[in-house]
Amino acid sequence: MEPVDISVILVLRDRAETVPTTLAHLEQQTLPAARFEIVAVDHGSVDGTLGVLERYAIGAPVRFQVLDANPGNFARARNLATDRARGKWLVFLDQDVLASPNLLDRYMREFETEPTHPFLLGRVALHPQIPPHVLTRRFIDDDTSRTLDPEKLHPTDWHGYNFGMSRALLRDQGGFDEQMRGPEFLEVALAHRLSERGVHGRLAQKAVVYEWQKAEFDAERARCYARGHAFHALEHGIGEPGATPLRPATIPAWAPHRFMMPFYVRACHDAEGDLRYAGGLFRRVLQHDQQRGYSDARKGRLRRG
């Protein structure tokens, strides 16, 4: 098969209903279809996602590969896609974002600006049709006071929603760390390894994807708890000093709120994901769940769920 410039990598799990919309936005790129491919990896779906991908591949208007990865290790699924990809450059997208029409065109311009060691963090924005006051995953993920240096990002600035890099650079690093089984903080660990070699990523402001779905409160609570466990694994992988900017709040900081959590949770359920009047409570509960996950991981307790 002929090589392409960019391979877009999607790792998907239980997204049979939404993946057609995701793929439709990638079809509509301003970058010519001959210059990119989509590598979609099904990661243990039980809702028929793999079948949807296989049917799409039959008549896909863009080059398309479908891979089937065993569940349980997100990093391994990404590494499988990297091995099968034919692009010189890779763009990794979260399964729940939509590509803007010129996303890949913008990435191509950035890649060609610095072709030797490109490592680019794209931007995530709320879809224009989504009200700004609804609960989304970005609500907790963007809760940071750090100021980004667009020309030299810190490893803890990275996230997995939207980023791109040289395929050769990733393979030279041995891919993603498969000791970190879940999706959280994989990019931070990779960026840390690259920074030790003097390779620092930069911000690609115009490479935009959109978050377009409301998050379910209970699902976000579970994700934040798992994120706390993942942070403990990150600390072991890159060392506590390297991970410190992302550290969840400590137990003493939460002592005044701990006994109020059942009331906070009830209030958030009553608000039904509307942040206009309960945003502070949502943030408090989700941060507390992340801290509990981290605390349980430090105590050697198994992850819940």
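1. Buried here means under 20% relative accessible area. The model is a predicted one. By that cut-off helix H7 (residues 186-196) is mostly covered, with eight of its 11 residues buried. They are Leu186, Glu187, Val188, Ala189, Leu190, Ala191, His192 and Leu194.

2. What do the buried residues of H7 pack against? Their partners are H3, strand S6 (119-126), strand S7 (162-166), helix H6 (167-172) and helix H8 (217-238). Both helices and strands therefore cover H7.

3. The two ends of H7 deserve a look. Phe185 sits in the loop between H6 and H7. Its phi is near 70°, a positive value in a residue other than glycine. Phe185 is buried, because its relative accessible area is 6%. Just after H7, Gly198 takes a positive phi of about 85°.

4. Asp14 is another residue to check. Its phi is positive, about 55°, although Asp14 is not a glycine. For background, most residues other than glycine have a negative phi. Asp14 belongs to the loop between strand S1 (4-12) and H1. With a relative accessible area of 29%, Asp14 is partly exposed.

5. Next, the aromatic rings. The structure holds 11 aromatic pairs. Tyr56 and Phe64 make one of them, edge-to-face, at 4.8 Å centre to centre and with 70° between the planes. Both Tyr56 and Phe64 are buried.

6. Are the rings of Trp89 and Phe111 stacked or edge-to-face? They are stacked, because the planes lie at 5°, with the centres 5.1 Å apart. This pair links distant parts of the chain. Trp89 is in strand S4 (residues 87-93) and Phe111 is in helix H4 (residues 103-113), 22 residues apart. Trp89 and Phe111 are both buried.

7. One aromatic cluster is formed by Phe92, Phe119, Trp158, Phe163 and Phe176. A charge sits on one member: Arg78 lies over the face of Phe176, at 5.0 Å from the ring centre. Elsewhere, Arg283 lies over the face of Phe139, at 4.0 Å from the ring centre.

8. Thr82 lies in helix H3 (residues 74-84). Thr82 is buried, since its relative accessible area is 4%. Which residues does Thr82 contact, leaving aside its neighbours within four places in sequence? They are Ile9, Leu90, Phe92, Arg167, Leu170 and Arg171. Of these, Phe92 also belongs to the aromatic cluster.

9. Asp94 is in the loop between S4 and strand S5 (97-99). Although a loop residue, Asp94 is buried, with a relative accessible area of 13%. Leaving aside neighbours within four places in sequence, its contacts are Leu10, Arg137, Gly160 and Tyr161. Pro61 stands 33 residues from Asp94 in sequence, and their C-alpha atoms are 21 Å apart in space.

10. Two helix pairs follow. How do H11 and H12 lie to each other? Helix H11 (residues 261-271) and helix H12 (residues 275-298) pack at an angle of about 125°, with their axes 9 Å apart. H11 and H12 are therefore oblique to each other. Their crossing is left-handed.

11. The contact between H11 and H12 has two sides. H11 supplies Met261, Tyr264, Val265, Ala267, Cys268 and Ala271. H12 supplies Ala278, Leu281, Phe282, Arg284, Val285 and His288. On spacing, an α-helix has 3.6 residues a turn, so residues three or four places apart point the same way.

12. The other pair is helix H1 (residues 19-27) and helix H2 (residues 49-58). Their axes come within 11 Å and cross at roughly 30°. H1 passes H2 in a right-handed crossing. Val19, Pro20, Leu23 and Glu27 of H1 make the contact with Val52, Leu53 and Tyr56 of H2.

Conventions. Residues are numbered from 1 along each chain as its sequence is written. This is a predicted model: local features need pLDDT of at least 70, side-chain atom pairs count only at pLDDT 80 or more; totals for chains, interfaces and linings use all residues. Side-chain values use heavy atoms; hydrogens and water are left out. Rings of Phe, Tyr and Trp (its six-membered ring) pair if their centres lie within 6.5 Å; planes under 30 degrees apart count as stacked, over 60 as edge-to-face and the rest as tilted. Buried means under 20% relative accessible area, exposed over 50%, partly exposed in between (1.4 Å probe, protein chains only). Helices (H or I, at least four residues) and strands (E, at least two) are DSSP runs, numbered from the N terminus. A charge sits over a ring if NZ of Lys or CZ of Arg is within 6 Å of the ring centre and within 35 degrees of the ring normal. Axes are lines fitted to C-alpha atoms, for helices over the stretch in contact, and angles run from 0 to 180 degrees between N-to-C directions. Angles under 35 degrees count as roughly parallel, over 145 as roughly antiparallel, 65 to 115 as roughly perpendicular and the rest as oblique. A crossing is left-handed if the near helix is turned anticlockwise from the far one by less than a right angle, and right-handed if clockwise. Contact means heavy atoms within 4.5 Å.
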